[in-house]
Amino acid sequence: MTKRIAVAGKGGTGKTTLSALLIRYLIENRPGTSILAVDADANANLNEALGLEVIETIGTILEDTKKPDAVPTGMTKDIFIEYRLSRALVEDKAFDLLVMGNPQGPGCYCYPNDLLKRYLEKISKNYDYMVIDNEAGLEHLSRRLLPMVDLLLVTSDSTARGVRSAGRVKSIVENVQIAVSKMGLVIGRSREGDASQLDREVQNSGLELFGEIPHDPLVSEYDLNGKALLGLPADSTAVQAAQNLFKSLDL
Ligand SMILES: Nc1ncnc2c1ncn2[C@@H]1O[C@H](COP(=O)(O)OP(=O)(O)O)[C@@H](O)[C@H]1O
Ligand SMILES: [Mg+2]
């Protein structure tokens with residue numbers, strides 16, 4: 001069974017960092033397993049954190065299928081879309097990556113969305129883990145592109161407002177009835193003592209505090225220089241914290 005782990009939260013709260021750290025954790029601690037990373041944030045940058053180049057996104061494929069002359073003669077639309085989708089899958093040694101890209105423009109996308117949904121269902125069966133880096137609004141999840149999520153990690157910065165906003169992600173999940181088996185809060189870029197000061201806010205959010213990824217100057221430095229986070233030293237603060245967090249979640 002594929003384990004689907006989604007990361008969601010406001011922009012800048014450390015979703016992409018956490019997703020990359022999770023992928024690294026799985027590569028190192030679950031050797032031999034297959035991993036599909038999905039960048040479902042319109043502001044896509046998971047590929048950079050993972051050190052991969054992306055040529056094609058789902059957004060452009062769906063947009064292209066709306067052009068009258070998009071499908072080459074002699075090819076059915078279904079086959080054409082499936083072919084383009086398969087090309088959008090970036091294959092790396094230890095994992096594959098799919099980038100959803102920009103939200104779609106106006107008009108009805110029911111038909112390509114349906115194909116996308118079926119395609120995701122089909123390929124997800126090939127993987128032991130799916131790690132999905134989402135935007136706060138959970139747009140892709142709420143369009144039910146995935147049937148369910150095993151674990152949802154909601155990220156927040158270490159402010160009261162941030163935690164409240166994480167609580168709203170929980171409400172979105174409940175309102176659109178996304179099937180999530182387990183959900184909790186991860187505070188990113190925290191400084192010492194932050195978590196205990198946010199205790200009350202965390203309780204009010206209704207989210208269980210899974211853990212925190214402390215501020216790590218190396219993460220900022222790697223990002224600043226466009227270096228992949230998979231290359232962070234094993235003893236760096238963020239990698240160590242992620243290791244403890246994911247171990248405790250029994251992935
Ligand atoms: N633990 C951390 N320590 C230092 N900087 C961090 C940490 N987590 C995230 N950052 C920085 O904060 C910014 C936002 O992080 P990112 O993971 O891209 O957030 P999101 O995907 O939610 O927008 C990035 O510049 C990143 O380098
Ligand atoms: Mg991001």
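Visitor: How many cavities of 30 Å³ or more does the structure hold?
Guide: This is a predicted model, in which local features need pLDDT of at least 70, side-chain atom pairs count only at pLDDT 80 or more, and totals for chains, interfaces and linings use all residues. Residues are numbered from 1 along each chain as written, chains are lettered from A and ligands numbered from 1 in written order, and side-chain values use heavy atoms, without hydrogens or water. On a 1 Å grid over the protein atoms alone, a cavity is a set of points where a 1.4 Å probe fits but cannot get out. Of 30 Å³ or more, the cavities number three.

Visitor: How much space lies in the largest cavity?
Guide: Its lining (residues with an atom within 4 Å of a point) includes Val-38, Met-100, Leu-120, Ile-132 and His-140. By class, the lining has nine nonpolar, two polar and no charged residues. The space in this largest cavity is about 90 Å³.

Visitor: Which element gives the largest share of the lining of the second largest cavity?
Guide: About 40 Å³ of space lies in the second largest cavity. Among its lining residues are Leu-21, Arg-24, Val-239 and Gln-243. H1 and helix H11 (237-249) each give two or more residues to this lining. The largest share, four residues, comes from H1.

Visitor: How many charged residues are in the shell around ligand 1?
Guide: The ligand is surrounded by 16 residues (a heavy atom within 4 Å), and the closest include Gly-12 and Thr-17. Helix H1 (15-29), strand E8 (208-214) and helix H10 (217-224) each supply at least two of the shell residues. Three shell residues are nonpolar and eight polar, while the charged ones number five.

Visitor: How far does a polar side-chain atom of Asp-223 lie from an oxygen atom of ligand 1?
Guide: A polar contact is a pair of N or O atoms within 3.5 Å. A polar side-chain atom of Thr-16 lies 2.8 Å from a ligand oxygen, and a backbone N or O atom of Asp-216 lies 2.8 Å from a ligand nitrogen. For the side chain of Asp-223 and a ligand oxygen, the distance is 2.3 Å.

Methods:
A polar contact is a pair of N or O atoms within 3.5 Å; within protein, one must be able to donate a hydrogen and the other to accept it, and residues adjacent in sequence count only if both atoms are side-chain atoms. Ala, Val, Leu, Ile, Met, Phe, Trp, Tyr, Cys and Pro count as nonpolar, Asp, Glu, Lys and Arg as charged, and the others, Gly among them, as polar. On a 1 Å grid over the protein atoms alone, a cavity is a set of points where a 1.4 Å probe fits but cannot get out, and a pocket is an open set with protein on both sides within 12 Å along at least five of seven lines; lining residues have an atom within 4 Å of a point. Grid points are joined across faces, edges and corners, and a volume is the space filled by probe spheres set on the points.
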